[in-house]
Amino acid sequence: RNMNDDVATLANCLEFPEDENELDGDLSDSDGYLSEDPECMYYSDSDDDNVLKECIVQDDLDEQNNEMRLAVEKQKRKLKKLLDKDPKFANFLEKWQLELVNFESKEDSDEQDEMDSVDNGVDSGDKDPPSDKILTSKTISEWCQLVLDEPKAPALRNLLNAFRDACQFGLNSNSLSMQRLQSTEVFYQIISFVLSKTDNIFRALLEISDDDKGKLMNQRNGKKWQDIEPLIKSYLRNSLDLISQLTDNQILTYVLTRLRTSAVYFSAYPSTSRRLLKMLVRLWASGDQNLSLSSFLMIREVASLLPDCLDFCLTKTYNAYLSSSKIVDNRNIENIDFILNCLVELYSLDIQKAGERAVISVGQLSAILRQASKTKGKEDLLKIDNWQYINCINLWVRFICVNYKDCHNLHLLFSSVVQIIRGVAHLLPGMRYLPLRLKLAQML
């Protein structure tokens, strides 16, 4: 328990404080649909006997949910037996559980506050949603073709409403999305088309033919942007819902890969971008290689397009790196190295801001080292002989190596990092610390 407390204390010392004061919410969080054209036809697939009906899908979901509930109850019984045997461990777990609950409550309240403001550009629910109209494969195919032939077709609003339902599909058997989508086939059909084609559709509506992000960003105050802004907001808001609800890493990777082309639209709404970055940082540090790469590419894209979010992004990714590097073994060493390289690349986007943060972090490392050198106590030495401490040094070594030739302002940081490396090597002599000393020599 003492060692765990030391690790937790060290993490708190090294982490950057996070500013959780969100910007004003810039997307509506209402459940309203975009207004649809009543002449846009719905088609029936009732003659196709091979279609997987919604009731079958729901039966499968209910069975899976029941299996998960039984597994959770079994784990709870095992944990209760363990807590009864070890009262000290029970007290320790209760303490951390309380902190976790408080942290999650704060996160949830921040995100809810951000999305509470009402936006006049998106319908606020005053029109009845098309709850009695089933979305079939034939219907979606017809709509997709209409939109491809003419981006201004009324079917686009219908498709974005269908996309909203698809982003909620399978979460609640009583939800409107479960009643609207005929099958999982329709779900994938909607998701695939909207994510792959929406960027080009919006460009066509804005009459921008090339991939010039500058032109897109200059359109924000123009009439064309204002005309289609309700469509853009609907698409972005529902995309966030989709990311937050998916659990399959392969599907998440696909969604993020497709959604990266829409990063420029997210950059028009800073508050929404920050909510997106929270999700992306969590997925980036997940340990799945493909998902981590897709998440980072979008993090970098959003940070490049929206300098106001860069500080927020640098703080979140740095703290996520520290959390991921508490323990290093053969199972996660490649992932930690990948996260480290990503973080160096991200910090290299703005050397001045990164240098300021590096000075703060290196100052924290120096303070911990001075304390350990002064007392040579076991608790203080454990704060040095610790993966987080060593990985934090390694981060700034990599950062200096990548940017030293291009930025002479890093000379002072270079000198401080060298002193820390030498100080740790002198503080921990002997064969016991030989692997660590070799690592320090490699850093030098």
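Helices (H or I, at least four residues) and strands (E, at least two) are taken as DSSP runs and numbered from the N terminus. The structure is a predicted model, in which local features need pLDDT of at least 70 and side-chain atom pairs count only at pLDDT 80 or more, while totals for chains, interfaces and linings use all residues. Residues are numbered from 1 along each chain as its sequence is written, and side-chain values use heavy atoms, with hydrogens and water left out.

By these criteria the protein chain contains 20 helices and zero strands. Of its 444 residues, 45% are buried, where buried means under 20% relative accessible area, exposed over 50%, and partly exposed in between (1.4 Å probe, protein chains only). The accessible surface of the chain is about 23600 Å², and carbon and sulfur atoms account for 50% of this area. Accessible areas were computed by the Shrake-Rupley method with a 1.4 Å probe; for residues, only the protein chains shown count as cover. Contacts are defined by heavy atoms within 4.5 Å. Of the contacts in the chain between residues at least 6 apart in sequence, 78% join residues at least 24 apart.

The average pLDDT of the protein chain is 80, and 77% of the residues score at least 70; pLDDT is the predictor's confidence in each residue, from 0 to 100. Over residues 47–59 the pLDDT stays under 50, and the model has 14 contacts beyond four places in sequence for this stretch. The pLDDT is also below 50 over residues 111–126, a stretch with 36 contacts in the model beyond near neighbours in sequence. Where pLDDT is low, the predicted coordinates should not be read in detail.

A nonpolar core is a set of buried Ala, Val, Leu, Ile, Met, Phe, Trp, Tyr and Cys residues joined through side-chain atoms within 4.5 Å. The largest such core comprises 116 residues, and those with the most contacts inside it are Ile190, Tyr318, Tyr389, Ile393 and Trp396. Helix α7 (residues 184–206) gives the most to this core, contributing 11 residues. Apart from neighbours within four places in sequence, Ile393 is in contact with Leu365, Val417, Ile420, Ile421, Val424 and Met443.

The expected span of a helix is 1.5 Å times one less than its number of residues. For the 13 residues of helix α5 (residues 155–167) the span should be 18 Å, and the end C-alpha atoms are 18 Å apart, in agreement. Helix α5 is mostly covered, with 12 of its 13 residues buried; among them are Asn158, Asn161, Arg164 and Asp165. Cys167, also in the buried set of α5, has a relative accessibility of 3% and therefore counts as buried. Because 12 of its 17 residues are buried, α13 is largely enclosed by the rest of the structure. The buried residues of α13 include Ser292, Ser294, Ser295, Phe296 and Glu301.

A search of the whole structure finds zero disulfides, a disulfide being a pair of cysteine sulfur atoms within 2.5 Å. Cys309 is in no disulfide, and the nearest cysteine sulfur, that of Cys313, lies 8.2 Å away. Cys309 counts as buried because its relative accessibility is 1%.

Leu314 lies in helix α14 (residues 310–324) and, at 1% relative accessibility, counts as buried. Leaving out residues up to four places away in sequence, Leu314 touches Leu346, Tyr347, Lys353 and Arg357. The C-alpha atoms of Leu314 and Tyr347 are 6.9 Å apart, although the two residues are 33 apart in sequence. Gly355, in helix α16 (residues 351–375), counts as buried at 12% relative accessibility. Gly355 and Cys407 are separated by 52 residues in sequence and by 9.8 Å between C-alpha atoms.

Positive phi values occur at two loop residues. Glu207, in the loop between α7 and α8 (213–218), is a residue other than glycine with phi near 60 degrees; at 54% relative accessibility, Glu207 counts as exposed. Lys376, located in the loop between α16 and α17 (378–382), is not a glycine and has a phi of about 55 degrees. Lys376 counts as exposed, with a relative accessibility of 54%.
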